[in-house]
Amino acid sequence: MCSSNLTKRDEEIIRALQEEFPLCEEPYKVLAERAGVSEEEFLSRVKEFVAEKKIRKLGAVLRHREVGFKFNALCAWEVPAERLDDVAKIMSAHPAVSHCYDRNTAPNWNYNLYTMIHAHTREECDAIVGELSRLTGIQSRQVLYSKKEWKKTCMKYF
Amino acid sequence: MELSVFDKSLLNLLQGNIPICSRPFAAMAQELGTDEGTVISRLRELKAAGYLRRIGTFFNSNNLGYAGTLVALQVEPEEIVTVAEAVNKYPEATHNYEREGKYNLWFTLLTRDVEQEKNILAEIGNLRGVEDMLRLKSKKKYKVNVQFKLN
């Protein structure tokens, strides 16, 4: 686990940043006031957070309602370790895959690569899984269809 | 509300990164060939019309020192509701899905440190109906940024 080296001031800045971004002429000034620091300090700290990859993105996420993807499945794949990067790259390139990441295996659970797949129907989802399998040559998989969403929230840090 | 060509370029730009400077919307306006007031008022309208799920900062939780895990539980079907509700009560559990298969409850846990993660998982492991638990850690995130390019 890497140490994050954050001061109390940094935590105040992060707390202000995780609220909705203000749509006004000087949004960072508004956030800086909430964090109790000057706009100048706030801006330079935010730039550092980006450089240190503490911030992944500062921007918008669209509602994909208009895109109409109602069906999602988490698909777990069993990939030989030496092919992991190569297979992940191919799967990530597929437009129906929104997330792709590795995970450790467990006894009786040999799957080490996960993809989140978005589709309009279950049939379409199955077809995408088949396509990913053909593109990569990876056969062994578990398609984990969601039955019910119990919770989906944004993390509140600090 | 139909999206105009201008709206689409504005949203595509906004899905990237908002400039980190005193007047970010003026900088975006310059790129789009318009003025700051137009960008701000149109964004307010698009937000009110529900096109934007969120405008803000997305953090890389690992680099903030948080520990993240995907947890898969095998739960007796008759206990699934009570276990799912118990998991939901933890603010550290950010996503929680019931899924088909042997492991029927999948949730993500984000904690300040590994100690807290261990404590929470020990509590969840003791819930009635929980028969097995997988702790799945990620080292490499190949794709996490959801963007839909509007044409």
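Biologist: What makes chain B more spread out than a compact globule?
Modeller: Its radius of gyration is 21 Å, while the globule rule gives 15 Å for 151 residues, so chain B is more spread out than a compact globule. The radius is taken over C-alpha atoms, and the rule is 2.2 Å times the number of residues to the power 0.38. Along the principal axes, the C-alpha atoms of chain B fill a box of roughly 60 × 35 × 25 Å.

Biologist: What should I know before reading on?
Modeller: This is a predicted model: local features need pLDDT of at least 70, side-chain atom pairs count only at pLDDT 80 or more, and totals for chains, interfaces and linings use all residues. Residues are numbered from 1 along each chain as its sequence is written, chains are lettered from A and ligands numbered from 1 in the order written, and side-chain values use heavy atoms, without hydrogens and water.

Biologist: How confident is the predictor about chain B, in mean pLDDT?
Modeller: The mean is 92, and 95% of the residues of chain B reach 70 or more. pLDDT is the predictor's confidence in each residue, from 0 to 100. For the complex, the predictor gives an ipTM of 0.81 and a pTM of 0.81.

Biologist: Why does Glu79(B) count as buried?
Modeller: Buried means under 20% relative accessible area, exposed over 50%, partly exposed in between (1.4 Å probe, protein chains only). Glu79(B) has 13%, so Glu79(B) is buried. Glu79(B) sits in the loop between strand E2 (67–75) and H4 of chain B. Leaving out residues up to four places away in sequence, Glu79(B) touches Arg128(B) and Gly129(B). A contact means heavy atoms within 4.5 Å. In chain B as a whole, buried residues make up 48% of the 151.

Biologist: Why is Lys53(A) called exposed?
Modeller: Its relative accessible area is 55%, so Lys53(A) falls in the exposed class. Lys53(A) lies in the loop between helix H3 (39–51) and strand E1 (55–62) of chain A. Its phi is near 60°, a positive value in a residue other than glycine.

Biologist: What makes Asn108(A) count as exposed?
Modeller: Asn108(A) reaches 71% relative accessibility, therefore it counts as exposed. Asn108(A) is in the loop between strand E3 (97–102) and strand E4 (113–119) of chain A. Asn108(A) has a positive phi of about 65°, although it is not a glycine.

Biologist: How many helices and strands has chain A?
Modeller: Chain A has 5 helices and 5 strands. Their pattern along the sequence is α-α-α-β-β-α-β-β-α-β.

Biologist: How does the radius of gyration of chain A stand against a compact globule?
Modeller: Chain A has 20 Å, but a compact globule of 158 residues would be near 15 Å. The C-alpha atoms of chain A fill a box of roughly 55 × 40 × 30 Å along the principal axes.

Biologist: What share of the residues in chain A is buried?
Modeller: Buried residues make up 49% of the 158 in chain A. Of the contacts in chain A with a separation of 6 or more, 62% come from residues 24 or more positions apart.

Conventions. Helices (H or I, at least four residues) and strands (E, at least two) are DSSP runs, numbered from the N terminus.
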